[in-house]
Amino acid sequence: MDSDKKIDKTLVYYVLGGAAVGAVAGYIVKKVGFKNVLNVLKTKKIIPETLMETISEFTNKNQENDFDLEE
């Protein structure tokens, strides 16, 4: 193996940029609230309706499980 491998700078910039964007998005969601962010995305039609239904299905805390652990 070649010990003189260099990491491309653009790859490092993409990773650091993605981490920064993720941190900012997480901060905004924590301050504003997940449900409010979803409502804004739904009303502005940024996310398709079918995807919103799928997200709502998985985030619904009151949904009953279709299976029983005892069975």
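K45 is exposed, with a relative accessible area of 71%. Exposed means over 50% relative accessible area, buried under 20%, and partly exposed in between, with a 1.4 Å probe and protein chains only. K45 sits in the loop between α2 (34–43) and α3. Its phi is near 55°, a positive value in a residue other than glycine.

This is a predicted model, in which local features need pLDDT of at least 70, side-chain atom pairs count only at pLDDT 80 or more, and totals for chains, interfaces and linings use all residues. Residues are numbered from 1 along each chain as its sequence is written, and side-chain values use heavy atoms, without hydrogens and water.

**Confidence**

The chain averages a pLDDT of 80, and 79% of the residues score at least 70. pLDDT is the predictor's confidence in each residue, from 0 to 100. Among the elements, α3 (residues 49–59) has the lowest mean pLDDT, 80, and α1 the highest, 94. Where pLDDT is low, the predicted coordinates should not be read in detail.

**Helices**

The chain has 3 helices and 0 strands. Its pattern along the sequence is α-α-α. Helices (H or I, at least four residues) and strands (E, at least two) are DSSP runs, numbered from the N terminus.

Helix α1 covers residues 9–32. At 1.5 Å a residue, its 24 residues should span 34 Å, and the end C-alpha atoms are 34 Å apart, which agrees. The expected span is 1.5 Å times one less than the number of residues. Just after α1, G33 takes a positive phi of about 110°.

T43 lies in α2. A polar atom of its side chain is 3.0 Å from the backbone oxygen of V40. T43 is exposed, at 63% relative accessible area.

**Surface**

Of the 71 residues, 4% count as buried. The accessible surface of the chain comes to about 7000 Å², with 59% belonging to carbon and sulfur atoms. These areas come from the Shrake-Rupley method with a 1.4 Å probe.

I7, L11, V12, Y13, V15 and L16 form a nonpolar surface patch, with about 640 Å² of accessible area together. Patch residues have over 30% relative accessible area and no salt bridge, and nonpolar side chains are joined within 5 Å. A salt bridge is a side-chain nitrogen of Lys or Arg within 4 Å of a carboxyl oxygen of Asp or Glu. V15, one of the patch residues, lies in α1.

| Exposed residue | Relative accessible area |
|---|---|
| V15 | 53% |
| T43 | 63% |
| K45 | 71% |

Methods
Patches are made of residues with over 30% relative accessible area and no salt bridge: like charges are joined within 9 Å, nonpolar side chains (Val, Leu, Ile, Met, Phe, Trp, Tyr) within 5 Å. A polar contact is a pair of N or O atoms within 3.5 Å; within protein, one must be able to donate a hydrogen and the other to accept it, and residues adjacent in sequence count only if both atoms are side-chain atoms.
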